[in-house]
Amino acid sequence: MAKLLTIQGGKPLNGRVRVRGAKNLVPKAMVASLLGSEPSELRNIPEIKDVDIVTSLLTIHGVKVDHDREAGTLTMDPRETRNATYSEIDTHAGDSRIPILFCGPLMHKNGEAFIPDLGGCRIGDRPIDYHLEVLRNFGAVVDKQPSGIRISAPKGLRGAKLELPYPSVGATEQVLLTAVLAEGITELKNAAVEPEIHDLIQILQQMGAIISVNTDRTIRIEGVERLSGYRHRSIPDRNESASWASAALVTQGDIYVEGAAQRDLTAFLNTYRKIGGEFEVYDDGLRFWHGGGLLQPLVLETDVHPGFMTDWQQPMVVALTQATGVSIVHETVYENRFGFTHALQRMGASIQLHRECLGSNPCRFGQRNFLHSAVISGPSKLHGADIDVPDLRGGFSHLIAALAAEGTSRVTGIEVINRGYEKFLDKLIGLGADVELSER
Ligand SMILES: CC(=O)N[C@H]1[C@@H](OP(=O)(O)OP(=O)(O)OC[C@H]2O[C@@H](n3ccc(=O)[nH]c3=O)[C@H](O)[C@@H]2O)O[C@H](CO)[C@@H](O)[C@@H]1O
Ligand SMILES: C=C(OP(=O)(O)O)C(=O)O
């Protein structure tokens, strides 16, 4: 039965939440365990849907996965891996984007793989052309099928000279997870260098890989014959941390985010300070609160790391509806990441979307028909509304808008938020939110 969340807005969120390992690292580190010939141990595991999906996928491929949820520890033993059947894979794919990263490891282990159609947030077309192109360059043969792809390496996988058209996070991870056991040297130009990529490189290095990252976004990988296991603690989820920070600002609250790390939030913290948010750095987390005065409008562009991360954009837009004056946000990573603003408009926010690039970052969407720039005028008095959650970050952003709004909001489709926010309802209740969950 579908769930309905009823939110009474108007109460500041105050208190403490704990953030554990990054949604954008942990599932990939789990895939890396397949490359080893010995067990691996990963710590700081959040209880999120994407971890469960990858656990199922590893399990059907013969990896023994032991998840201690309370301790937040995963052990993965790949010593008896096997080929899973088509129907096993099809029913376990879920709505995550991680299955595509099984290509390299499964080809190394089993010679071939079936990869089902991907899930993930619907914030653009999200093609996999870069992934398939780099895999073909390693020597893979791709056979497109009605509900996925079959990929094989009849002559083995060999290192290659590669260059991405855009620094895609997923395609960079695809190269790393394939090149480490490929024969010879791989050089990847225009690679993504997000903190989660560096964490994955540390894991692979611990397993025996030889990887160097140059300052010009080139990654060089020397293939090795065998990898062992790893023991690693995941970096914290910088996107969940930024979301709670935005929640403190939007609801005029004060939230201590245990586990958050300043290191991977530099661009976010600069913006947070400019808009009028306050933060303090502690050894085990960050405290975020509303500074008390008027919030300042901003001109903001999303970008690849070390720029302002696209996954921070949606909660930050909600905060900008409360700033005094006109803000401009140019989304340059995804062509269709402003769909969530329609619900904010219904709640009383003043947001206009534009097809033009309202910014100076080079962008792939300007000459095309995508509403990828937003002009936000504030402050707007938000009121409650009926909302159907569109995607992970959009959904969390709707929740914080509803918590700041006057009156009652009724929210459906909240299950998708479990993909990236561990126990978000318990956390909201712990922060004093007036929310009630019922069945529809
Ligand atoms: C599970 C995970 O880690 N998800 C993150 C990852 O997604 P993901 O790895 O899917 O994002 P990418 O960096 O690959 O995508 C960036 C851009 O490249 C395009 N592209 C990508 C691959 C491809 O083959 N062809 C292509 O055109 C995409 O459509 C998008 O416009 O990085 C994004 C950008 O930081 C984040 O928003 C997501 O939270
Ligand atoms: C876009 C996101 O995730 P995914 O790539 O898993 O859809 C996100 O975490 O905001």
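Colleague: Which domains does the domain assignment of the chain give?

Modeller: This is a predicted model, in which local features need pLDDT of at least 70, side-chain atom pairs count only at pLDDT 80 or more, and totals for chains, interfaces and linings use all residues. Residues are numbered from 1 along each chain as its sequence is written, and chains are lettered from A and ligands numbered from 1 in the order in which they are written. Domain bounds come from an automatic or database domain assignment. The assignment gives domain 1 (3-19 + 236-439) and domain 2 (26-233).

Colleague: How many residues of domain 2 are in contact with domain 1?

Modeller: Two residues are in contact if their C-beta atoms, placed from the backbone, lie within 7 Å. On this basis, 17 residues of domain 1 touch domain 2, and the number on the side of domain 2 is 15.

Colleague: Is Arg 263 buried or exposed?

Modeller: A residue is buried if 20 or more other C-beta atoms, placed from the backbone, lie within 10 Å of its own, exposed if 12 or fewer, and partly exposed in between. Arg 263 has 11 other C-beta atoms within 10 Å, and is therefore exposed.

Colleague: What distance separates the C-alpha atoms of Arg 263 and Gly 111?

Modeller: Along the chain, Arg 263 and Gly 111 are 152 residues apart. Their C-alpha atoms are separated by 40 Å.
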